[in-house]
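User: I have a structure open and would like to go through it with you. Could we begin with the pocket?
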Amino acid sequence: MPTSTKPVIDTGLTKEERTDVVGELTKVLADSYAVYLKTHGYHWNVRGPEFFSIHNLLEQQYRDIWAALDDIAERIRALGELAPMGGAAYANLTSIKDGDPEKDANSMLTELMKDHETLIATMRTALKTADDDGDDVSVDLMTVRLGAHEKMTWMLRSTLGVA
Ligand SMILES: [Fe+2]
C-alpha cells in the first residue's frame, strides 16, 4: 500500500492534463512518421531533370523530421505515457497515406506539400491543447516544429513554382 497520496509523477501538470496533451502529441508523432517515410522514399525514387536538387532537398527534410521524431516521442515519455511502436500502430494513428514510387516528380512534391499541410494542422491542434493545459514545454516543441514544417512546405511550393 502506498504510504502517501503524492502522485508518482509530480511535475505540476495533472494526469488529465498530461494525457490530454499526449493524445495530441501522439497524432503529431504519427503524422510526422508518415511524412518522414514518404520524404525518404521520394528521396530514393524521384526521377527527372531536377533529380539532384530534389533528392538533396528531400534528404535535408527527412533528416530534420527524423531528429524531431525522437524529440516528440521523448516528450510523450516525459509526460508519463508510452510512445507507440510498430508500423500497424502508426498506420492506425494517421490519415496520411503511403507514397507511390511510380509517381512523377511534380506529383511527389505536390503530395508531400499537402501532407505537410495536414501535419501542420495536427500540430496547431496539439499546440492549442498544450497551451490550454499549461504545458509550456510542449507548446515550445510544437512552435519549433510548426516553423520547420512551414519552411519545408515553402521550399516544396517554390520548387514546384506554384507560389
Ligand atoms: Fe540518401
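Analyst: Please keep in mind that this is a predicted model. In the largest pocket, the biggest share of the lining comes from α1, which contributes nine residues.

User: Which helices each supply at least two residues of that lining?
Analyst: Those are α1, covering residues 15-45, and α3, covering residues 87-93. The lining of the largest pocket consists of 22 residues in total, and the space inside the pocket comes to about 370 Å³.

User: And which residues lie nearest its centre?
Analyst: Nearest the centre of the largest pocket are Y33, A34, L37, I96 and D98.

User: How does the lining divide into nonpolar, polar and charged?
Analyst: The lining of the largest pocket divides into 12 nonpolar residues, six polar ones and four charged ones.

User: Switching to α5, what span should it have, and how far apart are its end C-alpha atoms?
Analyst: Helix α5 runs over residues 136-160, and at 1.5 Å a residue its 25 residues should span 36 Å, which agrees with the 36 Å that separates its end C-alpha atoms. Just after α5 comes G161, which takes a positive phi of about 80°.

User: Which of its residues are buried, and what covers them?
Analyst: The buried residues of α5 are S138, V139, L141, M142, R145, L146, A148, H149, M152, T153, L156 and L160, and what covers them includes α1, α2 (51-78) and α4 (105-132). As a general point, an α-helix has 3.6 residues a turn, so residues three or four places apart point the same way.

User: What about W154, how accessible is that one?
Analyst: W154, which lies in helix α5, is partly exposed, because its relative accessible area of 43% falls between the 20% and 50% cut-offs. W154 and M113 are 41 residues apart in sequence, while their C-alpha atoms are 8.4 Å apart in space.

User: I was also looking at T129. Buried or exposed?
Analyst: T129, found in helix α4, is buried, since its relative accessible area is 14% and the cut-off for buried is under 20%.

User: What is T129 in contact with, leaving aside its neighbours within four places in sequence?
Analyst: With those neighbours set aside, T129 is in contact with D20, V21 and E24.

User: Last one, how far does α2 reach, and what follows it?
Analyst: α2 has 28 residues and reaches 40 Å from its first C-alpha to its last, close to the 40 Å expected at 1.5 Å a residue. α2 is followed by G80, where phi is positive, near 95°.

Conventions:
Residues are numbered from 1 along each chain as its sequence is written. This is a predicted model: local features need pLDDT of at least 70, side-chain atom pairs count only at pLDDT 80 or more; totals for chains, interfaces and linings use all residues. Side-chain values use heavy atoms; hydrogens and water are left out. On a 1 Å grid over the protein atoms alone, a cavity is a set of points where a 1.4 Å probe fits but cannot get out, and a pocket is an open set with protein on both sides within 12 Å along at least five of seven lines; lining residues have an atom within 4 Å of a point. Grid points are joined across faces, edges and corners, and a volume is the space filled by probe spheres set on the points. Helices (H or I, at least four residues) and strands (E, at least two) are DSSP runs, numbered from the N terminus. Ala, Val, Leu, Ile, Met, Phe, Trp, Tyr, Cys and Pro count as nonpolar, Asp, Glu, Lys and Arg as charged, and the others, Gly among them, as polar. The expected span of a helix is 1.5 Å times one less than its number of residues. Buried means under 20% relative accessible area, exposed over 50%, partly exposed in between (1.4 Å probe, protein chains only). Contact means heavy atoms within 4.5 Å.
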